[in-house]
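Me: I would like to go through this structure one feature at a time. Please give the general idea first, then the case at hand.

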Amino acid sequence: MNRAVFLDRDGVLNALVYRAEEGIHDSPYSLAEFRLLPGVAEAIRLIHRLKMLAVVVSNQPGVAKGKCDGAFLEVLSQELQRQLKAQGAWLDGTYYCVHHPEGAVEGLRLTCECRKPRPGLLLKAAQELGVDLQSSYMVGDSAKDMEAASAAGCKGFLVGNRSANAPDALKSHLVARDLLEAVQKIARGEG
């Protein structure tokens, strides 16, 4: 069985985009908005040196909400892989949930098993890639990511600004400043 580091995308691999008109941080919806975060390629190279898979598992409700389409997700995934490849890194799999219970797109407006905090994306990836979930990690920037990790049986790493002030419900999860620090901790056996 393989070991993996499951990765949320927005806020972990790439920067969130502030949308002033909505007052929220959101996914990039154009290539011009896409910015790989510092240290990401180095972290993914380290994941591979640890003989682990690097697998994206990400809610992308913008498709259900009509902000982008599946074709754009594929273009953005290709751009992510291109930028990583230029730095000697790659992703072993990408799994998106494009559903949302309040979506504007009829066929995608639903409550599903793949939308985090449910573990469906991690379970599907584990089945398809032969991953031992109990010896794997989920790195994310939200409580939903940590809940999905727990539900799938992975160890969770909460990263980003939210990790400094993690609510008590998240205290059982590991925390790191960013993806690189999380993977360095995994390498040192602190996870």
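Reply: Helices (H or I, at least four residues) and strands (E, at least two) are DSSP runs, numbered from the N terminus. Contact means heavy atoms within 4.5 Å, and buried means under 20% relative accessible area, exposed over 50%, partly exposed in between (1.4 Å probe, protein chains only). This is a predicted model, in which local features need pLDDT of at least 70 and side-chain atom pairs count only at pLDDT 80 or more, while totals for chains, interfaces and linings use all residues. Residues are numbered from 1 along each chain as its sequence is written, and side-chain values use heavy atoms, with hydrogens and water left out.

Me: Which residues of helix 3 (residues 120-129) are buried?

Reply: They are Gly120, Leu121, Leu122, Ala125 and Ala126. Just after helix 3 comes Gly130, with a positive phi of about 65 degrees.

Me: Which residue has a positive phi although it is not a glycine?

Reply: Lys51, with a phi of about 65 degrees. Lys51 sits in the loop between helix 1 and strand 4, and is exposed at a relative accessible area of 72%.

Me: How do I read the packing of helix 1 (residues 40-49) and helix 6 (residues 179-187)?

Reply: Begin with the axes, which are lines fitted to C-alpha atoms, for helices over the stretch in contact; angles run from 0 to 180 degrees between N-to-C directions. Here the two axes come within 8 Å and cross at roughly 20 degrees. Helix 1 is therefore roughly parallel to helix 6, since angles under 35 degrees count as roughly parallel, over 145 as roughly antiparallel, 65 to 115 as roughly perpendicular and the rest as oblique.

Me: Which residues meet where helix 1 contacts helix 6?

Reply: Helix 1 brings Val40, Glu42, Ala43, Leu46 and Ile47, and helix 6 brings Leu179, Leu180, Val183, Gln184 and Ala187. By class, the residues of this contact are eight nonpolar, one polar and one charged (Ala, Val, Leu, Ile, Met, Phe, Trp, Tyr, Cys and Pro count as nonpolar, Asp, Glu, Lys and Arg as charged, and the others, Gly among them, as polar).

Me: Why is helix 6 described as largely enclosed by the rest of the structure?

Reply: Because seven of its nine residues are buried. These buried residues of helix 6 include Glu181 and Lys185. They pack against strand 1, helix 1, strand 4, strand 6, strand 7 and strand 8 (174-176).

Me: How many aromatic pairs does the structure hold?

Reply: One. Rings of Phe, Tyr and Trp (its six-membered ring) pair if their centres lie within 6.5 Å; planes under 30 degrees apart count as stacked, over 60 as edge-to-face and the rest as tilted. Tyr137 and Phe157 form a tilted pair, 6.2 Å centre to centre with 35 degrees between the planes. Tyr137 belongs to strand 6 (residues 137-140) and Phe157 to strand 7 (residues 155-159), so the pair ties together parts 20 residues apart in sequence. Tyr137 is buried at a relative accessible area of 5%, and Phe157 is buried at 0%.

Me: Where does Gly62 lie?

Reply: In the loop between strand 4 (52-59) and helix 2 (70-85). Gly62 is buried, at 0% relative accessibility. Not counting residues up to four places away in sequence, Gly62 touches Tyr29, Lys67 and Cys68.
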